[in-house]
Amino acid sequence: LQAPTWARVLWDDQGVYLGIRCIEPTPARIVRQGQHRDDPIWAGDDIEVFVGSGEGAGDLHFIVNPDNLQWDGRSGGQGDDSIWDGQWQSAVTETAEGWTVEIALPWATLGGEIGGQRRVNLCRARAGGEELSCWSGTLRLFVEPGRLGHWTFAH
């Protein structure tokens, strides 16, 4: 792994909050794609969050790139559906060591009950170096519903 990634997850009655630190040894090689929400920003460097919806309509898929552009939709075995737009927030800060991402996912957007157990994955793509990394390992690409891990939100 050339560029480590660290993530922290917090939650409360309002939602789930992620803080992700992306170390980038060569900041000039960061690939930035897209200009608008729901552009194909996954063609560049990004952070991707998958949350199992449990609705049979595909998992919720959130993407943020280093310019804080967002993509969201439902992803599954049949591909991506970017028609779905959730209410969520993100912020990006660039540093000398790389970039950090903050993401707030309200429970209302995630659906279902507050807390409980969720199927999830956190992934990072370094497009210029073609490096892909995930919290819950995938076999080929990121969109592998059967490879999501589990988080339990307990009081």
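Okay, let's start with a definition: helices (H or I, at least four residues) and strands (E, at least two) are DSSP runs, numbered from the N terminus. With that in hand, reading along the sequence gives the pattern β-β-β-β-β-β-β-β-α-β-β-β. That's one helix and 11 strands for the protein.

Before going on, a word on where this comes from. It's a predicted model, where local features need pLDDT of at least 70, side-chain atom pairs count only at pLDDT 80 or more, and totals for chains, interfaces and linings use all residues. Residues are numbered from 1 along each chain as its sequence is written, and side-chain values use heavy atoms, with hydrogens and water left out.

So how confident is the predictor? pLDDT is its confidence in each residue, from 0 to 100. The mean for the protein is 86, and 84% of the residues reach 70 or more. Among the elements, strand β8, residues 98-106, has the highest mean pLDDT at 97, while strand β6, residues 79-81, has the lowest at 68.

Next, burial. I'll call a residue buried under 20% relative accessible area, exposed over 50%, and partly exposed in between (1.4 Å probe, protein chains only). Of the 155 residues in the protein, 45% are buried.

C22 has a relative accessible area of 1%, so C22 is buried. C123 has 2% relative accessibility, so C123 counts as buried too.

Let's go inside. Rolling a probe the size of a water molecule over the atoms shows where empty space is left.

Now the aromatics. A pair of aromatic rings is described by the distance of the centres and the angle of the planes. Rings of Phe, Tyr and Trp (its six-membered ring) pair if their centres lie within 6.5 Å; planes under 30 degrees apart are stacked, over 60 edge-to-face, and the rest tilted. The structure holds seven aromatic pairs. One of them is W11 with F153: the ring centres are 5.5 Å apart and the planes sit at 75°, so this pair is edge-to-face. W11 lies in strand β1 (residues 5-11) and F153 in strand β11, so the pair ties together parts that are 142 residues apart in sequence.

Is W11 buried or partly exposed? W11 is partly exposed, because its relative accessible area is 24%. F153, at 9%, counts as buried. F153 also pairs with W151: those centres are 6.2 Å apart with planes at 80°, so that's edge-to-face as well. Ring pairs link W11, W107, W151 and F153 into a cluster.

While we're on W11, look at H155. These residues are 144 apart along the chain, yet their C-alpha atoms are separated by 10.0 Å.

Last stop, the loops. E130 sits in the loop between β9 and β10 (131-134), and E130 is exposed, with a relative accessible area of 71%. From E130 to G44 is 86 residues in sequence, and 9.5 Å in space, C-alpha to C-alpha.

And then there's backbone phi. Most residues other than glycine have a negative phi. D38, in the loop between β2 and β3, has a positive phi near 70°. N68, in the loop between β4 (59-64) and β5 (70-76), has a positive phi of about 65°. D38 is partly exposed at 23%, and N68 is partly exposed at 29%.

Technical notes. pLDDT is the predictor's confidence in each residue, from 0 to 100.
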